[in-house]
Amino acid sequence: MGPLAHGIGGVKDLPIPLWLFYYGAALVLLLSFLALWALWKQPVLARASRGRPLPEWLERIVLSPATRVALGTVGVGLLVLVSATALVGDTSPNDNLAPTFVYVPFWVGLALLVAVVGNVWTALNPWRAAADAVAWAWERTGGGWEAPFAYRERLGRWPGAVLLFAFASLELAYSDPSDPRMLALAVYIYSAVTWLGMLAYGREPWTQNGEAFSVYFGLLSRVAPFGVREGRVVVRWPFADLANLDARPGTVAFVAVMLGSTAFDGFSRRIVWVDFKASLIRPVGESSLELAKIVGILTSVAGLTVFVVGLALAYLAAVWASGAAVGYRGDLRGAFIGSLVPIALAYVIAHYFSLVLLQGQYMAPLLSDPFGFGWNLFGTADVSPNLTYLKPNVIWYAQVAALVVGHVAGLAVAHDRAVELFESPRKAVLSQYPMLVLMVVYTVTGLRVLSG
């Protein structure tokens, strides 16, 4: 088994029929909806998001410049290492650090980490750390810099959404996404775009809107019970900070890419998609292998686009129906978008937690020999991963639990926003019927994709 094969096993010999999982998940959502209606009469998340400050000594350590510089140095060092191994290391993904690091610890592992401990990416971000270091050195020489362009409000998170879609296309649509040389090119292009964006618009505006991974990890970190508020490190209810999510332009598109890319990843492994894609590639493959590769990539990009747009349209239809149900004339697109973030996290856990636990074990030998040159820096080059301790049914139960919990959390976030927006409990409940339908559809679709 290659190090980048997803550790998502098939469903085998379940003690109850598969369709009962669908009905059971839908029933849990319905019961949760009724409980919210009966017990949750006032908005609580916005108030709870203020949290309780941590001890000052711990806060000083977490927020100290020394901690930020240390973590930033680690981030820059990892960026240099990964880009170097991708460029000049062994061309085999099995023996090169870059593919495994990018797709396992970085893309999945860091997403899970920020959802638990908060947004550590703000300090680890190598592009921001490098830009901050250059700015600091430039200022010490008496230089000054002012961004030549003001970041336009209407751009919002759209640049970040486009770049995240590009990354998802590399992972899910390109014919060989684990090719180290292609990853090197992707890292260099992304770095250039990021630093040029910071140069043109300023470090903070571009980081908050255009640097795709900052937006991505920032949204997921709102789930965490820890955060920084008004310069203080606080502990708070999980999911509470989603009540403060500013739905600037592009936010719906960004979250749709988060959801759609993960859903398409699961769907692309189903026989129906594999057969459909093969039927398009086969006729041109007889005349040109290069053309067949291009057709395959474009077909996957089109499939990814359909999932992203479809999930976005489903959400927009639900919020339109919510407004229509209570006669609300305002724009609700941003009001409930925070409710999709727990679902995006649930999709990540359901699809990829086994990838982290199984394929993540390859990091031990790869760290000792990152370039594939036969080194043994830490004495772990000969470590053999154990890929059998997670059974397929265990993975399936964990996937079901993640999806159900994520959608219930999404219902709670949406309900909290509804009781805050609408003047009567009756209107708040009426507005949430379409959101309940949306959550059921998302849950059943997610289970259907994973069960294949």
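## Salt bridges, a buried helix and a nonpolar patch

Asp331 and Arg333 form a salt bridge, with their closest N and O atoms 2.7 Å apart. Asp331 is partly exposed, at a relative accessible area of 48%. Arg333 is partly exposed too, at 46% relative accessibility. The model that shows this pair is predicted.

**Confidence**

The mean pLDDT of the protein is 90. A value of 70 or more is reached by 96% of the residues. Residues 5–12 have a pLDDT below 50. Beyond near neighbours in sequence, that stretch has 23 contacts in the model.

**Salt bridges**

The structure holds 14 salt bridges. The pair of Asp331 and Arg333 is one of them. The table lists this pair with two others.

| Pair | N to O distance | Relative accessible area |
|---|---|---|
| Asp331 and Arg333 | 2.7 Å | Asp331 48%, Arg333 46% |
| Arg417 and Glu420 | 2.9 Å | Arg417 16%, Glu420 39% |
| Arg157 and Asp246 | 3.1 Å | Arg157 5%, Asp246 30% |

Take Arg157 and Asp246. Their side chains meet in a salt bridge. Arg157 lies in the loop between helix H7 (126–140) and helix H8 (158–172), while Asp246 lies in the loop between E3 and H12, so the pair ties together parts that are 89 residues apart in sequence. Arg157 is buried, with a relative accessible area of 5%. Asp246 is partly exposed, with 30%.

Arg417 and Glu420 make a salt bridge within one helix. Both are in helix H17 (residues 392–421). They are 3 residues apart, which means a separation of about one helical turn. Arg417 counts as buried, whereas Glu420 is partly exposed.

Salt bridges can also join into a network. Arg128, Asp132, Arg203 and Glu204 are linked in this way.

How many residues of helix H11 are buried? The count is 10 of 10, over residues 212–221. Among them are Phe213, Val215, Tyr216, Phe217, Leu219 and Leu220. Gly218 and Ser221 are also on the list of buried residues. Ala212 and Ser214 are buried as well.

Glu211 caps the N-terminal end of H11. One of its side-chain oxygens lies 3.1 Å from the backbone nitrogen of Phe213.

Arg222 is found in the loop between H11 and E2. Is Arg222 buried or exposed? Its relative accessible area is 16%, so Arg222 counts as buried. Which residues does Arg222 contact, leaving aside its neighbours within four places in sequence? They are Arg236, Phe239, Ala240, Asp241, Leu242, Asn244, Leu245 and Asp246. Asp246 is also the salt-bridge partner of Arg157.

**Two residues with positive phi**

Phe239 is one of the contacts of Arg222. Phe239 has a positive phi of about 75 degrees, although it is not a glycine. Phe239 lies in the loop between E3 and helix H12 (251–267). At 24% relative accessibility, Phe239 counts as partly exposed.

Glu230 has a positive phi as well, of about 50 degrees, and it is not a glycine. Where is Glu230 placed? Glu230 sits in the loop between strand E2 (226–229) and strand E3 (232–235). Its relative accessible area is 66%, so Glu230 counts as exposed.

**A nonpolar surface patch**

Five residues form a nonpolar patch on the surface: Leu27, Leu30, Leu31, Leu34 and Trp37. Together they have about 480 Å² of accessible area. Leu27 lies in helix H1 (residues 18–39).

**Pro55 and Val193**

Pro55 is placed in the loop between strand E1 (52–53) and helix H3 (56–63). Pro55 is partly exposed, with a relative accessible area of 41%. Along the chain, Pro55 and Val193 are 138 residues apart. Their C-alpha atoms are separated by 39 Å.

Notes. Residues numbered from 1 in each chain as written. Predicted model: local features only at pLDDT ≥ 70, side-chain atom pairs only at ≥ 80, totals over all residues. Heavy atoms only, no water. Buried < 20%, exposed > 50% of the residue type's maximum accessible area, 1.4 Å probe, protein only. Helix = DSSP H or I, 4+ residues; strand = E, 2+ residues; numbered from the N terminus. Polar contact = N/O pair within 3.5 Å; in protein donor to acceptor, adjacent residues only side chain to side chain. Patch = residues over 30% accessible without salt bridge, like charges linked within 9 Å, V, L, I, M, F, W, Y side chains within 5 Å. Areas by Shrake-Rupley, 256 points an atom, 1.4 Å probe, with all protein chains shown as cover. Salt bridge = Lys/Arg side-chain N within 4 Å of Asp/Glu carboxyl O. pLDDT = per-residue confidence, 0-100. Contact = heavy atoms within 4.5 Å.
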